[in-house]
Amino acid sequence: MTFTAIGDLAQSLQLRRENARLSADLQRLTTELATGRKADLRTSLSGDFGSLAAFEATITRLDAFNTAAAEARQRADTVQLSLGLVAEEAGRAANSLLLSETGGQPALVDIAAGDAARVFDTAISALNVQFAGETLFGGRSTDGPALADTETILAALETAATGAGVATAADLEAVVDAWFAPGGDFDTVAYLGTTDPRAPARIGPNSEAAAPPLASDPALRDTLASLALATLVDRGALPGLFEERAAATQRAGEKLIQSGDALTDVRAAVGVSQERIALAETTNAAERAAADLARNELIAADPFEAATALEATRVQIETLFSITARLSRLSLSEFLR
């Protein structure tokens, strides 16, 4: 029977090698148990990282879409709130203007016209609203207001009315209508944005969020024109002509009612965009969850398996230390005793 002896140096090296291997296993298993991810992906994936890279890319892309969708949702909500404010205030002003003529009292006309002037200023401010430092109703021009300030607009209107020699409510209405008509002074003095809307926001693999409407949209233009007509009365147009002033405020109220339907359509279009954004967010979340689950199947470590292997490794290390300690005490004198 042949015995193969192992020298002391070889034995020491072998013990050191086993200790290093077990220590590495202990570190790997501890990391897997703590993080829930496999420490050695190259081995677990057999060197094929293609599927993992594809899932990682999908998750990154969906995260970007989720960020874009969240911004689009907040932007659309801001647009809807602004349009809602304009619609609500304009509707209330319309009722006041329509009732101002029935009392036959100049004070009622003055009150209604003054209220319309306040609403006009509110509407200008609402349409100049910004989100994240960008103007929403100015089309591709996002670094400045969509509309000139209230005083600039009204001063230009008063100049136009004076130049036209306005003497009746019909004259005043004609001046205002011409000023706000497409191609008129509204486009060069009041509206400061671009004629084309901003590009739609990409919020999903196959989804886009519509751009906000322009402040020059016909519905908004007509609403502002109607409010401006009554505001000019508040600023002293048709002085001393109560019937004409009352007729102008009455006409302003009627025009506000007419533009209200078109403004409702604009708000409805924004509502459709809000619904599309909400659907995109839901779809993106579902797709990301699926991609995340598939990725985890590739990289996740089984906690039970890792815990079992960790305990087995611990026992092996303790055994190795025990053997090493016993071998270190071996000597000729101990053998001869």
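Q: What caps the N-terminal end of α5?
A: Asp149 does. One of its side-chain oxygens lies 3.3 Å from the backbone nitrogen of Glu151. Keep in mind that this is a predicted model.

Q: OK. How many residues does α5 have, and how far does it reach?
A: Helix α5 runs over residues 150-163, so to speak 14 residues by count. From first C-alpha to last, α5 reaches 20 Å. That is close to the 20 Å expected at 1.5 Å a residue.

Q: Which residues of α5 are buried?
A: Thr150, Ile153, Leu154, Leu157 and Ala161. They sit on the same side of α5, because they cover an arc of only 90° around the axis.

Q: And which are exposed on the other side?
A: Thr159, Thr162 and Gly163.

Q: What covers the buried residues of α5?
A: Several helices are included in the cover. Among them are α4 (106-127) and α6 (169-180). The cover also includes α7 (185-190) and α8 (218-234).

Q: What happens just after α5?
A: Gly165 takes a positive phi there, of about 65°.

Q: Let's move to α6. How far does α6 reach?
A: It has 12 residues and reaches 17 Å from its first C-alpha to its last.

Q: Which residues are buried in α6?
A: Ala169, Leu172, Glu173, Val175, Val176, Trp179 and Phe180. These residues are on the same side of α6, because their arc around the axis is only 160°.

Q: Now aromatics. How many aromatic pairs are in the whole structure?
A: A search finds three. Trp179 and Phe180 form an aromatic pair that is edge-to-face. Their rings are 5.1 Å apart, centre to centre.

Q: What is the angle between the planes, and why does the Trp179 and Phe180 pair count as edge-to-face?
A: The angle is 65°. Planes over 60 degrees apart count as edge-to-face, so this pair qualifies.

Q: Are Trp179 and Phe180 buried or exposed?
A: Both are buried.

Q: Which residues form the aromatic cluster with Trp179?
A: Phe180 and Phe186. With Trp179 they form one cluster.

Q: Switching to Arg221. Where does Arg221 lie?
A: In helix α8.

Q: Does Arg221 count as buried or exposed, and why?
A: Arg221 counts as buried, because its relative accessibility is 8%. The cut-off for buried is under 20%.

Q: What does the side chain of Arg221 reach?
A: The backbone oxygen of Ser216, at 3.3 Å.

Q: Which residues does Arg221 touch?
A: Leaving out residues up to four places away in sequence, Arg221 touches Phe180, Ala181, Pro182, Phe186, Asp187, Ala215 and Ser216. Two of these, Phe180 and Phe186, belong to the aromatic cluster with Trp179.

Q: What about Ser273, where is Ser273 found?
A: In helix α9. Ser273 is buried, with a relative accessible area of 6%.

Q: Which residues does Ser273 touch?
A: Ala209 and Ala210, not counting residues up to four places away in sequence.

Q: Last one. Where is Pro239?
A: Pro239 is in the loop between α8 and α9 (242-299).

Q: Is Pro239 buried or exposed?
A: Exposed, with a relative accessible area of 65%.

Q: How far apart are the C-alpha atoms of Pro239 and Ala167?
A: They are separated by 9.2 Å. Along the chain, Pro239 and Ala167 are 72 residues apart.

Definitions and conventions
Residues numbered from 1 in each chain as written. Predicted model: local features only at pLDDT ≥ 70, side-chain atom pairs only at ≥ 80, totals over all residues. Heavy atoms only, no water. Phe/Tyr/Trp six-rings, centres within 6.5 Å; stacked < 30°, edge-to-face > 60°. Buried < 20%, exposed > 50% of the residue type's maximum accessible area, 1.4 Å probe, protein only. Helix = DSSP H or I, 4+ residues; strand = E, 2+ residues; numbered from the N terminus. Expected span 1.5 Å × (residues − 1). Arc of directions from axis to C-beta. Contact = heavy atoms within 4.5 Å. Polar contact = N/O pair within 3.5 Å; in protein donor to acceptor, adjacent residues only side chain to side chain.
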